[in-house]
Amino acid sequence: MMQFAIGDDRVALTVPDRQALLSIVETRLAAGQGFALATMNVDHLEKLRSDADFRTAYAQHDLIVADGNPVVWLARLGGQRVSLVPGSDLVQPLCALAARLDRGVAILAGTEEGGQDAARRLIAAHPGLTVSLVAAPGFPFDPHGAEADALLDRLNASGASLCLLALGAPRQEILAARGRRVCPQVGFASVGAGIDFVTGKQRRAPRLFRAARMEWLWRAALSPKRLGPRYVRGALILPGHALRALRERPRQS
């Protein structure tokens, strides 16, 4: 699959599309086998350049999909056919799988209120779904600290097989990498704003924006101070990745 050069390291997409991802997750959940799922976007690529801890965590994720049209386009420049798999769109299908397989779900969210609201809505949407744990770490959250240790202990004790992480990058991915070792029977899925979309705290872009691959513009307009600088930093690294993808195309295709 497509590999992205990050300094001397490389980070690869490992799953090409949503159908393949859900098939793998279903197999893992049914067998009681854990996993760590990351949804790569340009913000991740930018953070990976400067954050060695984030790079180490990413390397321990076995399922990585393209969450962002620029990542899809870069992969295609490199000769790989991948599809867009937004992490925010995975919460419902993952919970549907968990309900059908009778596997408990844990939700680690930014706030206890948001996590509990999401749990209620997901249980209503997926009959038979069990939410075994809802927790919200304090701020600032250290994914290597004592609070993280306690969360992973609670997760192990809860019996959950799927853990939805909505703590923001890189905290959620670092915690998932740790959890992959400490809770080997749990599948960790970093879903970012997915929990906020379930509760309605954040709204998806209108269908027209999504069809035009301009959801980023909608989100930037809603939160310019927070997302504007992020998108600018991300745009600055795209030309370099595009050139590398074109150079490596014959070898990767």
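**Helix H1 and its surroundings**

Gly32, which has a positive phi near 70 degrees, follows helix H1. The structure is a predicted model, in which local features need pLDDT of at least 70 and side-chain atom pairs count only at pLDDT 80 or more, while totals for chains, interfaces and linings use all residues. Residues are numbered from 1 along each chain as its sequence is written, and side-chain values use heavy atoms, with hydrogens and water left out. Helices (H or I, at least four residues) and strands (E, at least two) are DSSP runs numbered from the N terminus.

Leu21, Leu22, Val25, Arg28 and Leu29 of H1 are buried (under 20% relative accessible area; exposed, over 50%; partly exposed, in between; 1.4 Å probe, protein chains only). Viewed down the helix axis, these buried residues fall within an arc of 130 degrees and so line one face of H1; the arc is that of the directions from the axis to the C-beta atoms. Gln19 and Thr27 are exposed on the face turned away from the buried side. The cover over the buried residues of H1 includes strands S3 (35-40), S4 (63-66) and S7 (162-165) and helices H5 (91-101) and H8 (171-182).

Ser190, in strand S8 (residues 187-190), is buried, with a relative accessible area of 1%. Beyond neighbours within four places in sequence, Ser190 is in contact (heavy atoms within 4.5 Å) with Leu37, Thr39, Leu165, Gln172, Glu173 and Ala176.
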